[in-house]
Amino acid sequence: MKIKIIKGTNQIGGCITEITSEKGTKIMIDYGDNLDDKKQWIIPGLTIKDDLESKYDGVVITHSHKDHIGCAALIKKEIPIYLDRDGKEIHNNLCYFTKEYEKILRAKDHTLRYFEFGKKFFIQEIAITPWIVDHSNYNSAMLCIEVDGVKILHTGDYRNHGKKGYLFTKTLEQIGKVDVLITEGTTLGSKDRIFKNEMDLSKDFHQLLNYDQIYVMCSSTNIDRIVNLYNSFKKTHMFITDLCMNKITSLLKNIPNSNTFPDVFTFVSPNQRKIEEPYVRIMNHTKNVIKELPFERRFIASIKPSMWDYIKENKDKIKNACLIYSMWDGYIRKDWKDPKQREFVKYLVDELHMGFAKIHTSGHASKKAIQLLDEKVNPEKVIVIHSEKTEDALKIEKEIFKERLWDCQDGETLEFESSKKQSHRKTQSVCTSGKKE
Ligand SMILES: [Zn+2]
Ligand SMILES: [Zn+2]
């Protein structure tokens, strides 16, 4: 059995992992865009961009964040894509709003197979069990993969300080000991290592109840956060989503959306109403649509840079207002390639004098969660992906995993044999030298 990290050993996002059995069955775990430049990684024998015969037997997608699913539409039709059904719907709808129509997964162009959490499925002789895991994305999966007598845990993105965090220990106990652990290490290189619990953010939201107008910037797919905001303000402020957020939340059961919640409204700015037909069609199928923000009332509204013109035109009506920035602050840092978000925030805070509150907690595993994972699944070999691999991060990885850490680079292959096949040694792992392809 061989594991090749095609991408992800030294960057956050855009992770691609290949697993090959002794018989030659080849699967891929995740196939995402780079987070910052959205560059698509073309893999020979996997994508429609070449005429080569298919080299892969299946691709499994852990969740619908673009850095995990973003390139999936490039996969050849004969290669099945295994994923969560709601995750696919969320991905497709987001692509619709970002006008990345070429990234939409369609049954006519792709072979889509929906997995169920906790239910084992097979790609040839490779057994895969997806487990639901806490992350800032709906229905994210951790994958337990059994091949040639070797048990691998690929965590996808995860944490244990969110609403589904209570499942973490129980799930790991069900998975039990593994041979190889492939874990995300997003936060290991960052300075903040203590994360607030998702549920505790409501205390911070409550500090802002005195503001009449609350504007919030939050990812349309961070469902836990949307529910938290709704619950924190529902008694005092009118809850207003935007068209994209509402489309996503209305796909899911019992999540605040203006189609089924009488106290939720969807604001569609004149800009959006002017744009082409698909938006208008979604708007016409949306209940409780408002075409103006109710400046005379107390409200909390999801806003985006695309509403900038509307905000400018109505700036005299903005009073006793606060902006909640409730997403990763990397998007508003100076070094982020797209300056739009940063400039929009600057305008609201500096020119319109809105109060400003950054209220967010990471969607990724803390050092403590990674240590707990290690303790519960007790792996022989560990690969850390979805990490910037700074000196600090590597130091912490070594401190946690010691000699079990396989500090590899993109393109390197780890060969791992089942302990059952060896006479004296418990396990044997051979790392082939750093060949990049
Ligand atoms: Zn990710
Ligand atoms: Zn993610």
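# Close-up views of the predicted model

**Helix H10, exposed side and buried side.** Lys346, Asp350 and Glu351 are exposed on the other side of H10 from its buried residues, Phe344, Val345 and Leu348. Residues are numbered from 1 along each chain as its sequence is written, while chains are lettered from A and ligands numbered from 1 in the order in which they are written. Helices (H or I, at least four residues) and strands (E, at least two) are DSSP runs numbered from the N terminus. H10 covers residues 340-351 and spans 16 Å from its first C-alpha to its last, close to the 16 Å expected at 1.5 Å a residue; the expected span is 1.5 Å times one less than the number of residues. The buried residues of H10 are Phe344, Val345 and Leu348. They lie on the same side of H10 because their arc around the axis is only 95°, the arc being that of the directions from the helix axis to the C-beta atoms. Their cover includes strand S12 (213-217), helix H9 (308-313) and strand S17 (321-325). Just after H10, His353 has a positive phi of about 55°.

**Helix H12 and its packing partners.** Ile396, Glu397 and Phe401 are the buried residues shown in H12 (residues 391-401). Their arc around the axis is only 110°, which puts them on the same side of H12. Helix H11 (367-377) and strand S19 (381-385) pack against these buried residues. The face turned away from the buried side carries exposed Glu391, Lys395 and Glu399. Lys402, which follows H12, has a positive phi near 50°.

**The largest nonpolar core, with 61 residues.** Such a core is a set of buried Ala, Val, Leu, Ile, Met, Phe, Trp, Tyr and Cys residues joined through C-beta atoms within 7 Å. Ile27, Val59 and Ala72 have the most contacts inside the largest core. Strand S9 (residues 140-147) gives the most to this core, with six residues. Beyond four places in sequence, the contacts of Ile27 (C-beta atoms, placed from the backbone, within 7 Å) include Ile19, Tyr56, Val59 and Ile126.

Asn257 sits in the loop between helix H6 (243-251) and strand S14 (264-267). Neighbours within four places aside, Asn257 touches Thr241, Asn246, Thr249, Ser250 and Val264. The C-alpha atoms of Asn257 and Lys247, 10 residues apart in sequence, are 7.9 Å apart in space.

**Asp242 in strand S13 (residues 238-242).** Asp242 has 20 C-beta neighbours inside 10 Å and therefore counts as buried. Leaving out residues up to four places away in sequence, Asp242 touches Thr266, Phe267, Ser302 and Lys304.

Across the contact, 16 residues of domain 1 meet 13 residues of domain 2. The domain 1 side divides into five nonpolar, six polar and five charged residues. Here Ala, Val, Leu, Ile, Met, Phe, Trp, Tyr, Cys and Pro count as nonpolar, Asp, Glu, Lys and Arg as charged, and the others, Gly among them, as polar.

Terms used. Predicted model: local features only at pLDDT ≥ 70, side-chain atom pairs only at ≥ 80, totals over all residues. Buried ≥ 20, exposed ≤ 12 C-beta atoms within 10 Å, placed from the backbone. Contact = placed C-beta atoms within 7 Å.
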